[in-house]
Amino acid sequence: MLKIINIVGARPNFMKIAPIVREMQRRANDFTPLVVHTGQHYDRAMSDSFFTDLGIPEPDYHLEIGSHSHAVQTARIMTAFEPVVLREKPDWVLVVGDVNSTIACALVCAKLGVKVAHVEAGLRSRDRTMPEEINRILTDAISDLLLTTSEDADENLKREGIPDEKIKFVGNVMIDSLFYNLERAKQLKVSENLGLTEREYAVSTLHRPSNVDDKEIFGGLLTALIAVSETLPVIFPAHPRTRANIERFGFAKQIENSNIRLIEPLGYLDFMNLYSGARLVLTDSGGLQEETTALSIPCLTLRENTERPITISHGTNVLVGTNPKRIKQAAFEILENESNSKDKKIPPLWDGRAAERICDCLSNSSSTFVG
Ligand code: UD1
C-alpha cells in the first residue's frame, strides 16, 4: 500500500490532480491518496469551484498560504508543508506543473529524503525570466520520478543529465480531465447565456506578468484583440491580476467601447463550455494551448516562446508573440480559412489514460526504487 500526498495550489493544478486521485481511489488496495491544498489560489473562482467541478476530495490539509511575493509565498508553503510530511510519512509526494507550490513542496521532500514524482516534467520554454521556468528546472532536478507529457520533454531532461530510468513518458493527464468532462461541459449554457453562436466568437485569456504587468505590451495586445473583435466578439474571462491591471492602466473604457466582453474567471466546466465552442482562442496560458490542440480549435499563443512545442508540431497552436500587427495578421489568416483545424492530429498518449499510466509507474517504481 502506497501513501501518496498529492499537492494542489493554483488553478492549473486542479485539473491535473483530479484524474490521478480518482485513479488512486479506484486502486484502493494499492494506494492511500491524501490531498494537500497550499492555498496559493483562494478565490472561489480560482480554487473552490474546481474542487466541486472536478470531484476532488476535500483537502486533508489546507495550508492557507495566499498571495505574497515569490520568496515569501514559496517559503511559507515550505514552512507549512514540512510538518505535514513529517507527520504523514508518505511513500511519495506527487507534484504537478510549474507553480510556486510545485517547487516549494518538492524542495521540502528532497531535503527530508521523501520521494517526489513530478507530473508534467521536462517542459522548457528556455526563458528564465518566467518564474515557471525556474520552477520547472529546479523541480525536475530534485524529483525521483519524472512523468512527461511528450517526448520532447524526455529529450530536455536527458540533455540536463537526468538518468533515463527516472523518466517516464505517460501522456497528458490534463487531457484525461478534458475528455472525462467534455460531454458534461457541453450540456451547460454558458456560451448560450452570453448570446453566442457556436464558432462565431473568440475566447481570450491573458495573465502572464510579462504580458499584463507592462502597460505598453498589455496595451498592444488589447489593440490586437479589439481589431479581432470587430469581426467576431472576443470573450475575455479576466484573472485577478489582469483585472487589476486593466484598472491601473486605465484600459477599462477602451474595452467597454469595443466588442471585447470582459467577464469574471469561469469555473472548469463553464470555461470548457465556452472555449470548446470558440472559432479561435488567443491566450498566454499553457494549459489552454494543450486543450485547444486536443479539440482541434485554432489557438494563437501571445508569447515569444512556449514550453509546449508539441502543440505547434502536432496541434493547432501558432506562436505569434506580442506584436499587435503579427497577431492581427495571424488571426485573420485563420478566420479566412474555413478548414484550418480539421486535419490536425492529437499528440501521442493524449488519450485520456495518463492517470492510469502514472499510477502504474508509481507502483512499479516503488517496487524497484533504490534511492
Ligand atoms: C500562478 C502561477 C502561474 C499560473 C497561474 C494560473 C506561479 C509562479 N505562477 O500565477 O504559473 O499560470 O497561477 O492562474 O506559481 N490572486 C487573487 N486571487 C487568487 C489568487 C491570486 O486575487 O485566488 C491575485 C493576487 O493579487 C495575487 C496575484 O493574483 O497577488 C497573483 O497570484 P499568484 O498565485 O502569485 O500568481 P498567478 O499570477 O496567479
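Which residues around the ligand come nearest? Before I answer, note that this is a predicted model. The ligand has 19 residues around it, and those that come nearest are Q40, H41, E132, H207 and H239.

H41 makes one through its side chain, where an N or O atom is 2.7 Å from an oxygen atom of the ligand. A polar backbone atom of Y42 is 2.9 Å from a ligand oxygen. For D43, a backbone N or O atom also lies 2.9 Å from an oxygen atom of the ligand.

Now the surroundings. The ligand sits in the largest pocket. Sorted by class, its shell consists of eight polar, six nonpolar and five charged residues.

Where does the shell come from in the fold? Four helices each supply at least two of its residues: helix 1 (11-26), helix 3 (70-88), helix 5 (131-142) and helix 11 (240-248). At the domain level, domain 1 (2-171 + 351-363) contributes at least three shell residues, and domain 2 (181-340) likewise contributes at least three. The ligand shell therefore draws on both of these domains, by the assigned bounds.

That is the site; comments, please.

Key:
Residues numbered from 1 in each chain as written. Predicted model: local features only at pLDDT ≥ 70, side-chain atom pairs only at ≥ 80, totals over all residues. Heavy atoms only, no water. Near = heavy atom within 4 Å. Polar contact = N/O pair within 3.5 Å; in protein donor to acceptor, adjacent residues only side chain to side chain. 1 Å grid on protein atoms, 1.4 Å probe; cavity = no way out; pocket = protein on both sides within 12 Å on 5 of 7 lines; lining within 4 Å. Sits in = over half its atoms within 2 Å of the grid points. Nonpolar A, V, L, I, M, F, W, Y, C, P; charged D, E, K, R; others polar.
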